[in-house]
Amino acid sequence: MHQSLAHIALVVNDYDEAIKFFTENLHFTLVEDKIMSPTKRWVMIAPPGSTGTTILLAQASNDEQKSRVGNQTGGRVFLFLYTDDIERDYKNLKDKNVNIVRELENQPHGKVLVFADLYGNLWDLIEPA
């Protein structure tokens with residue numbers, strides 16, 4: 001048996017503002033943006049150079065979904081983004097005024113910092129040891 005994660009849904013307020021944040025601030029690639037209906041799009045993004053799992057941006061469509069935007073994990077770190085150069089990416093986050101929640105530090109598993117995306121979801125940025 002072989003299985004893999006294809007996409008992870010990230011609930012957002014607005015497709016276009018989310019695309020702008022991820023592509024301009026984090027340099028993610030817009031993999032696909034397809035209109036499914038007048039209110040729904042199939043929007044996938046991925047970190048630069050990634051060939052694995054993508055993030056499916058899912059615009060909140062009701063009050064319950066809207067209440068989850070920015071807090072899909074109850075305040076815990078939600079996504080873990082590996083990098084080959086955390087110093088470069090740290091500088092980019094600072095230059096783009098992305099909210100750094102926990103400053104860069106050395107951990108047994110590598111160099112780590114925590115940042116928040118435009119909605120407040122927490123991300124670990126990790127350069128593995």
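Two strands count as paired if DSSP finds at least two bridges between them. I also noted that helices (H or I, at least four residues) and strands (E, at least two) are DSSP runs, numbered from the N terminus.

**Entry 1. What I am working from.** The model is predicted, with local features needing pLDDT of at least 70 and side-chain atom pairs pLDDT 80 or more, while totals for chains, interfaces and linings use all residues. Residues are numbered from 1 along each chain as its sequence is written, and side-chain values use heavy atoms, with hydrogens and water left out.

**Entry 2. The sheet.** I looked up β7 and β8 and found them paired antiparallel over 7 bridges. They belong to an open sheet of 4 strands, ordered β5-β8-β7-β6, with mixed pairing. At the edges are β5 (77-82) and β6 (100-107), each of which pairs on one side only. On average, neighbouring strands of this sheet are turned by 20 degrees against each other, direction ignored; the axes are lines fitted to C-alpha atoms, and angles run from 0 to 180 degrees between N-to-C directions.

I then went through the other pairings. β5 and β8 run parallel, joined by 5 bridges; here Phe 80 has Asp 124 in β8 as its bridge partner. β6 and β7 run antiparallel, also with 5 bridges. Asn 106 stands opposite Lys 111 in β7, and Lys 111 in turn has Glu 127 in β8 as a bridge partner.

I checked burial in β8: 5 of its 7 residues are buried. Buried means under 20% relative accessible area, exposed over 50%, and partly exposed in between (1.4 Å probe, protein chains only).

Entry 3. β7 and β8 form a hairpin with 5 residues between them, and Gly 120 in the turn has a positive phi of about 105 degrees. Asp 117 lies in the loop between β7 (110-116) and β8 (122-128). Beyond its neighbours within four places in sequence, Asp 117 is in contact (heavy atoms within 4.5 Å) with Leu 10, Phe 21, Phe 22 and Trp 123.

**Entry 4. Helix α1.** Asp 14 caps the N-terminal end of α1, with a side-chain oxygen 3.0 Å from the backbone nitrogen of Asp 16. Just after α1, His 27 takes a positive phi of about 60 degrees.

**Entry 5. Salt bridges.** How many salt bridges are in the whole structure? My search gave 9, a salt bridge being a side-chain nitrogen of Lys or Arg within 4 Å of a carboxyl oxygen of Asp or Glu.

- Asp 33 bridges to Arg 41, with the closest N and O atoms 2.7 Å apart. Asp 33 counts as partly exposed because its relative accessibility is 36%, and Arg 41 counts as buried at 18%.
- Asp 16, Asp 33 and Arg 41 are linked in a network of salt bridges.
- Asp 84 bridges to Arg 88 at 2.9 Å between the closest N and O atoms. Asp 84 is exposed at 61%; Arg 88 is partly exposed at 42%.
- Lys 94 and Glu 103 meet in a salt bridge at 3.7 Å, N to O. Lys 94 is partly exposed at 40%, and Glu 103 is partly exposed at 37%.

Methods. Polar contact = N/O pair within 3.5 Å; in protein donor to acceptor, adjacent residues only side chain to side chain.
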